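I opened my notebook to go through this structure step by step. Here is what I looked up.

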Amino acid sequence: MRSIVKLATPVAAAALLLTACGGTTGTGTEGGTEAAGGGAAGECPDGVSIGFFGALTGPNANLGVNIKNGVQLAVDQHNAEDGACQVSITDYDSQGLPEQATGLATQAVSDEAVLGVVGPAFSGESRVAGPIFDEAGLVSITPSATNPALAENGWSTFFRVLGNDASQGPAAATYLTDVLGAQSVFVIDDASEYGKGLADIVREDLGAANTGNDTVQSGQTDFSATVAAIRAANPDAVFFGGYYPEAGLLLRQMREGGLQTPFVTDDGAKDDGLLDAAGAENAEGAIITCPCLPPEEAEGTFAADYEAEFGTAPATYSAEGFDAATILLAGIAEGNYDRESLLEFVGSYEGPGVTKQLSFDEQGEPADVVVWSYKVTDGAIVADQEIPAS
């Protein structure tokens, strides 16, 4: 476990919270015992909350809603436990935009009731919010931000429950060369913190098989120049690093332009929004890599519980959102009612999740990593195969 810096600010904030809350909505571990992670268990204060930080509106909202639903399910199940300390969710809707992250992160650290955060959901906003959370001692567990550099900033408050792009990138390159047999790959990125970071790893791992490159922009709708460049390069496969709105439109314009080149993309595009943007017929056969477990492979009754609560099957990162929230809720259940003790609890956490056995290394990375490929088949994104992660 990495060393956790104990700051005066979050401790003082927690003291104010405890002082302000006179009643209880449940109990943690019996008063007077020492909770896991170092917090002294006692009465549950009123108004305890965990934050959700990610896109709930905007072009990438589908991914954020998937995660928020997983968090909501975990909180609802926690609150239904006999004697549970009642926990609410405070939403920080970033729209997936890094420029929104500073204000939202400042709001989160200023809200004394928020003891921990699930998110941020995207790599760009994580880069901006991370130092703000770290200075305030507010623990955050991302279920979806995969840029490897996020764990290299020395933030004691940063954790994630899925493999990063240093795992996904090599796995995608392996799929392209070993499964598809591609000897030439045209690699495109969307210039985002996430998309370019992942595409650069794929480029490096492809080596000489990376025979063409291009960069587009988030929000771009006309990909005619990129389609022309792909046509001129005549590669065996195309890899796109970015999110589903641009991935889908690019794929549509490739297919409508007569290019049937195999198309591989990433977890940021693993959403039905890809099919909507591309058109189901154009998306057929597309491959998507993701450091996430197929929801139907999740442990226990998670998939059934999720469908019962939301009327739909869990989607990309719903299970990871559930796991991230479960860790925070386990700490609260152990009586960690201040930010400092909850941070310590998370840093030393080990236990079964619905996606994997959950524990963290010294940089806040998960000890257990899986990468899967998914394929668009008959108009749906379905699990294809587990591919080696490195």
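Entry 1: a term, then a residue. I count two residues as in contact when heavy atoms lie within 4.5 Å. The model is predicted. With that settled, I looked up Asn66. I found Asn66 in helix α2, which covers residues 61-79. What does Asn66 touch, leaving out residues up to four places away in sequence? I listed Asp271, Tyr306, Ala315, Thr316 and Ser318. Is Asn66 buried or exposed? Its relative accessible area is 9%. Buried means under 20%, so Asn66 is buried.

Entry 2: the whole protein. I counted the elements next. The protein has 13 helices and 14 strands. I then checked how much of the protein is buried. Of its 390 residues, 57% are buried. The protein exposes about 14200 Å². Carbon and sulfur atoms supply 48% of that area. I also looked at contacts between residues at least 6 apart in sequence. Of these, 71% join residues at least 24 apart.

Entry 3: the five-stranded sheet. I traced an open sheet of five strands. I noted the order as β2-β1-β3-β4-β5, with parallel pairing. Which strands are at the edges? They are β2 (88-93) and β5 (158-160), and each pairs on one side only. From one strand to the next, the twist averages 25°. I zoomed in on one pair. Strand β3 (residues 114-118) and strand β4 (residues 139-142) are joined by three bridges and run parallel. Val117 has Ser140 in β4 as its bridge partner.

Then I looked for helices on this sheet. Helix α4 (residues 123-136) packs on the sheet and touches β1 (49-54), β3 and β4. The direction of α4 makes about 150° with that of β1. Helix α12 (residues 318-333) packs on the sheet too, touching β1, β3 and β4. I read about 160° between the directions of α12 and β3.

Entry 4: the seven-stranded sheet. I moved to an open sheet of seven strands. The order is β7-β6-β8-β9-β10-β13-β14, and the pairing is mixed. Why is one side of β7 and of β14 left without a neighbour in the sheet? Both β7 and β14 (380-387) stand at the edges with a single partner strand each, so one side of each has no neighbour there. On average, neighbouring strands of this sheet are turned by 25° against each other, direction ignored.

I followed one end of this sheet. Strand β6 (residues 185-189) and strand β7 (residues 210-215) run parallel, joined by five bridges. I picked out two pairs. Val185 has Asn210 in β7 as its bridge partner. Val187 stands opposite Asn213 in β7.

Helix α7 (residues 224-233) lies across β6, β7 and β8 (237-241). I read about 165° between α7 and β6. Helix α8 (residues 244-256) lies across β6, β8 and β9 (263-265). For α8 and β9, the angle is about 175°.

Entry 5: two glutamates in loops. I looked up Glu365 and found it in the loop between β12 (357-359) and β13 (371-377). Its relative accessibility is 8%, so Glu365 counts as buried. Which side chains make polar contacts with the side chain of Glu365? One is that of Arg160, at 2.6 Å. Another is that of Asn164, at 2.7 Å. I set aside neighbours within four places in sequence and read the contacts of Glu365. They are Pro148, Ala151, Arg160, Leu162, Asn164, Ser359 and Phe360.

I turned to Glu296. Glu296 sits in the loop between β10 (287-290) and α11 (302-310). Is Glu296 buried or exposed? Its relative accessibility is 57%, so Glu296 counts as exposed. I also checked Glu296 against Pro314. They are 18 residues apart in sequence. From C-alpha to C-alpha, I read 8.4 Å.

Key
Residues numbered from 1 in each chain as written. Predicted model: local features only at pLDDT ≥ 70, side-chain atom pairs only at ≥ 80, totals over all residues. Heavy atoms only, no water. Helix = DSSP H or I, 4+ residues; strand = E, 2+ residues; numbered from the N terminus. Buried < 20%, exposed > 50% of the residue type's maximum accessible area, 1.4 Å probe, protein only. Areas by Shrake-Rupley, 256 points an atom, 1.4 Å probe, with all protein chains shown as cover. Pairing = 2+ DSSP bridges. Polar contact = N/O pair within 3.5 Å; in protein donor to acceptor, adjacent residues only side chain to side chain. Axes fitted to C-alpha atoms, helices over the stretch in contact; angles between N-to-C directions.
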